[in-house]
Amino acid sequence: MIQLYRITKYYEGIPALREVSFSVEKGEFVFVTGPSGAGKSTLLKILFCAEHADEGQIIIQGMNTFRLTSSSIPYLRRNMGFVFQDYKLLPHKTVFENIALALKVVGAPYGEIQRRAYQVLKKVGMDSKMHLTPPKLSGGEQQRVAVARALVNEPLVLLADEPTGNLDPQSGQDVFRLFRDINMKGTTVIVATHDWETVRKMQRRIITMERGRVTDDGRQVGKRIEKQEQRAVITKQP
Amino acid sequence: MKGYGLIYFISEAFRGLRANSLVNLLAVGTISMAMLIVGFFLLAFINLQSAVGRAGDRLEISVYLKEGLSLQEKDYLLLRLKAEPGVKKVTYLPKAEALAVLKSELKGQEALIQGLGENPLPDSYEVNIERRFAEADRIEGLAKKFSGFPGVEDVSYGKEGARLLTSVFKLITYGGMALACLLGVSVVFIISNSVRLALYSRGQEIELMQWIGATRGFIQGPFLIEGIMLAMLGSALAIGVLAAVFYALPQDVVLFLSSPNGLDFLPVSVVAYMTLGGGLLGLIGAQVSVGKFLE
């Protein structure tokens, strides 16, 4: 689904990413970890077409992002949800309006906006607070709203950059549980984090980065666990 | 863009106008000042144009006939004069009538023509010119042509008057156009600055919209509408002020300034063009800022 081949990115001549290559299959859950400055955020930004790589190729759903025109980038992004460390919610809009904006952007009709925004808020357990504005919510709640916004257009891929960086451990756990649930329903999830404890607990594929390079890719471990869990979900379904 | 999108654009534009109300009020005030000047010049232009037109209607070429022309020769000349493009009306003025006219014009100074004895004035044709031909060079061309016709002794017209009318008209037209351009640029500049402030105050929102897949059109729509609304509001305010001042003018001032028909306010079509033109300038100003910001 996503293939990166020898991606290199420089900032003012200093390499932030060096020949990063890996691929992510549909429905995979991948952690990208590493210390600060390892290049995790840059990698996610490049995947989201917010930054351009200086060298290498990226194929997302069969599309080479280097060949995308700037006018077609928004359409690619509509298939990808992004969750930020600082939530990036609009403080003057209610929780519901924040979600609705993501639907308005794609031109959804009024009735559908009402229905889907409510459904996704219910999914993340924020339906009871949909008329509040973000400053009246806790960090964990704000991040759940941000996840809801990223999911409302049913993206094929969910990218999250340090999603628990500003949260207490319990709220962080809740957010990761949400990601796991989303992934089990088929959405590909890529999370950049340096929260080692959670990463170890989740037992998923871990791509470790250091100084802009991939130093380790625990692909097999992650794949095995995902298959076990997905099989369990299927057998539970009536 | 779907219908829902347009409603979203307009509601967001109103929200933007409210959010930066002080800046926007200043912008509307400044735009209305600029548009007031444009409106004043348009008012002056339209009234002067009609005055010049009326003066143009009074412009005549007198074609003096040679002594002793037969009736047939006079009729032939009349036909030729009437056939000329730009000629509206031709009137025959016999010499006796011309003398009577002269006498009436010299009322109180009849002594000047007492000693003339025989009527020295020739028969003539008075040629009225169409309004579109009431321009110094064209009248001169016509007069020159008439003087070459058989049976014509001499030709005269208000040369100085025609020249003056033409130059006044040109001055108003080109001066007004130059001023309108200058003020138009300043309106674009004002709107562009006002929209730029709105863009910076909503930078976070714009960035977020880009991240969640908003197209450029979706992001810039509300700002373009905001620019159009600001400029149209400013134009409407200017027209309102101009109308209030115009209709509040004492009637004796109006009569003093005006021709027999009185001063005219801007026609509805000009008011509509001014408002729509203001909107277009607003759109250009907003586009300049949004284009730069989104780059």
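**Two chains, one predicted model**

Start with chain A. Take its contacts between residues at least 6 apart in sequence: 68% of them join residues at least 24 apart. Contact here means that the C-beta atoms of two residues, placed from the backbone, lie within 7 Å. This is a predicted model, where local features need pLDDT of at least 70, side-chain atom pairs count only at pLDDT 80 or more, and totals for chains, interfaces and linings use all residues. Residues are numbered from 1 along each chain as its sequence is written, while chains are lettered from A and ligands numbered from 1 in the order in which they are written.

Now the inventory. Chain A has eight helices and 10 strands. Those are DSSP runs, numbered from the N terminus: helices are H or I with at least four residues, strands are E with at least two. Chain A has 238 residues, and 43% of them count as buried. Buried means 20 or more other C-beta atoms within 10 Å of the residue's own, exposed means 12 or fewer, and partly exposed is in between, with C-beta atoms placed from the backbone.

One residue as an example. Glu25(A) sits in the loop between β2 (14-24) and β3 (29-33) of chain A. Glu25(A) has 14 C-beta neighbours inside 10 Å, so it counts as partly exposed. From Glu25(A) to Gln61(A) is 36 residues in sequence, and 10.0 Å in space, C-alpha to C-alpha.

Next, a helix pair in chain A. The axes of α3(A) and α5(A), residues 139-151, come within 8 Å and cross at roughly 25 degrees. That angle makes α3(A) roughly parallel to α5(A). The cut-offs: under 35 degrees is roughly parallel, over 145 roughly antiparallel, 65 to 115 roughly perpendicular, and the rest oblique. Axes are lines fitted to C-alpha atoms, for helices over the stretch in contact, and angles run from 0 to 180 degrees between N-to-C directions. The crossing of α3(A) and α5(A) is right-handed, that is, the near helix is turned clockwise from the far one by less than a right angle.

Which residues in α3(A) meet α5(A)? They are Val95(A), Asn98(A), Ile99(A) and Ala102(A), facing Val145(A), Ala148(A) and Arg149(A) in α5(A). This contact divides into five nonpolar residues, one polar and one charged. Nonpolar covers Ala, Val, Leu, Ile, Met, Phe, Trp, Tyr, Cys and Pro; charged covers Asp, Glu, Lys and Arg; the others, Gly among them, are polar.

On to the interface. 14 residues of chain A are in contact with 14 residues of chain B. On the chain A side, α2 (73-77) and α3 (95-105) each supply at least two residues. α3(A) gives the most, with three. That side of chain A holds eight nonpolar, two polar and four charged residues.

Finally, chain B. Its secondary structure comes to 11 helices and four strands. Of its 295 residues, 29% are buried. An open sheet of four strands runs β2-β3-β1-β4 in chain B, with antiparallel pairing. Pairing takes at least two DSSP bridges between two strands. β2 (87-93) and β4 (152-157) of chain B are at the edges with a single partner strand each, so one side of each has no neighbour in the sheet. Five bridges join β1(B), residues 60-65, to β4(B). Val63(B) stands opposite Val155(B) in β4(B). Across β1, β2 and β3 (124-129) of chain B lies helix α3(B), residues 71-83, at about 160 degrees to β2(B).
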